[in-house]
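Let's take a look around this one together, beginning with the ligand and then moving on to the sheet.

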Amino acid sequence: MDRRRIGLFGSTGSIGTSTLDVLARHPERFSVEVLVAHSRVEPLIEQIKRFRPTVVGLVDERQRAALDERLASLPHAHRPEVVTGQAAVDDLAGLECLDIVVAAVVGTAGLGSTWNALAAGKRVLLANKESLVAAGELMLDVARRAGATLLPVDSEHNAIFQCLPADQAALVGRAGIVEERREIDRLVLTASGGPFRERPLADFAAITPEQACAHPNWSMGRKISVDSATMMNKGLEVIEAARLFGVAADRIEVLVHPESVIHSMVRFVDGSVIAELGEPDMRTPIAHALAWPERIESGVAPLDFGALAGLHFEAPDPARFPALGLAFDALDAGASMPLVLNAANEVAVARFLEGRIGFMAIPAAIEAAMTAFAAAGPVANIEAVLEVDRAVRDWTADWCGSPLARQER
Ligand code: NAD
Ligand code: MG
């Protein structure tokens, strides 16, 4: 069997390193051709030594000299070609030598590479949910036109993909698939509830970045950790599910399940519920999407039912987690509102991580941006997406520096 050739965008992050962990277990199946990171040279060098990619993308041009210096110590035959700068690095996603692109960049920064991979008809393993929230139908259109295969890596969406009937699973990204299939009642996205599920609302203003990044079940990058703490992660995932599975908001349910053992479920009209269970470890959905429709070992320990103290469920609390309601509002509003929500969230989370705004100022900033951009119409092309994204970012940055943000402390 020919090895599948992998391009890993965001190789030094949490999803990136989990992906390499799985790939290292199957050298006979996969070869790593392209590795892309933003700026961290040391972990990238270790990955280059181990996986011997043919091309490496480093977004931050200021780190080029440091990378070249480290590469000079490698045997000549092991030195990859190096590409720097965002646009040139994003172009690597369309390289002919790639079969599979793993979209594991964080935030809208991943839009360019994810888009290019889909436009080139690749199999795309989507972790970078923000790109799909921002570009929405445009992204699915480009995937359909190019005959790309879009497979969800986000654990909830990967779980739903596994729970759907097989013929349907192959249709991910086709508009309206759940709507057409009336035997499917609802999609149930589970949520851990994050680190503040039991914290009194009165104490939310004092939440620090370190507390917000300490997730009880999953080890993740800092941005998605804060998104989990505000539950905006679940909000983005509701929009992601609506897009991927072509389903209306009223057929998506969010259920808090603190153990994170059930990764999501599908309810059928006859009362059956099919769930996907496992240890909370991203190597499972990554391995699933890499090998689909086959299955390969991921390194994840088998689920030990005897060690489970129980499985618990509760409804999300709208007062403590207003971000979730804002995401449903954005989905209902349609047009460019999910894009506005996502851009405002990215800026507000970055400001929170810098210690410049309080925790509850994050949803306040998003709500304010959604009001300010209420009249923004639909976006017709990728340039328009980037234009609205930029305008919302500038607006939200100003808001975060204003007295309004300080009131939310
Ligand atoms: P992370 O912060 O750990 O890693 C981000 C990666 O993106 C790094 O390799 C970084 O170098 C790279 N990067 C940053 N800016 C870039 C740019 N402009 N161009 C190219 N590369 C850039 O993030 P993460 O936790 O691995 O999350 C990555 C994506 O996967 C996010 O969209 C997140 O929502 C999604 N996701 C993560 C998890 C998880 O368990 N970590 C689970 C589900 C979905
Ligand atoms: Mg998820």
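## Around the ligand

Keep in mind that this is a predicted model. Ligand 1 has 23 residues around it, and the ones that come nearest are T12, H38, Q86, E130 and G221. Sort the shell by type and you get 11 nonpolar, 9 polar and 3 charged residues. Two helices, α1 (14-24) and α6 (129-146), each supply at least two residues of that shell.

Now zoom in on some atoms. T12 puts a polar side-chain atom 2.7 Å from an oxygen atom of ligand 1. With G221, it's a backbone N or O atom that lies 2.9 Å from a ligand oxygen, and a backbone N or O atom of G10 lies 3.3 Å from one. On its own, ligand 1 has 830 Å² of accessible area, and the protein covers 89% of that.

## The sheet

In which order do the 7 strands of the open sheet line up? They go β4-β3-β2-β1-β5-β6-β7, with parallel pairing. β4 (81-84) and β7 (149-152) stand at the edges with a single partner strand each, so one side of each has no neighbour in the sheet. On average, neighbouring strands are turned by 20° against each other, ignoring direction.

For a closer look, pick β1 (residues 4-9) and β2 (residues 30-37): they run parallel and are joined by 6 bridges. Here G7 sits opposite V34 in β2.

## Helices on the sheet

Helix α2 (residues 41-51) lies across β2 and β3 (55-58), at about 165° to β2. Helix α13 (residues 283-291) packs on the sheet too, touching β1, β2, β5 (100-103), β6 (123-126) and β7. The direction of α13 makes about 170° with that of β6.

Terms used
Residues numbered from 1 in each chain as written. Chains lettered and ligands numbered in written order. Predicted model: local features only at pLDDT ≥ 70, side-chain atom pairs only at ≥ 80, totals over all residues. Heavy atoms only, no water. Pairing = 2+ DSSP bridges. Helix = DSSP H or I, 4+ residues; strand = E, 2+ residues; numbered from the N terminus. Axes fitted to C-alpha atoms, helices over the stretch in contact; angles between N-to-C directions. Contact = heavy atoms within 4.5 Å. Near = heavy atom within 4 Å. Polar contact = N/O pair within 3.5 Å; in protein donor to acceptor, adjacent residues only side chain to side chain. Areas by Shrake-Rupley, 256 points an atom, 1.4 Å probe, with all protein chains shown as cover. Nonpolar A, V, L, I, M, F, W, Y, C, P; charged D, E, K, R; others polar.
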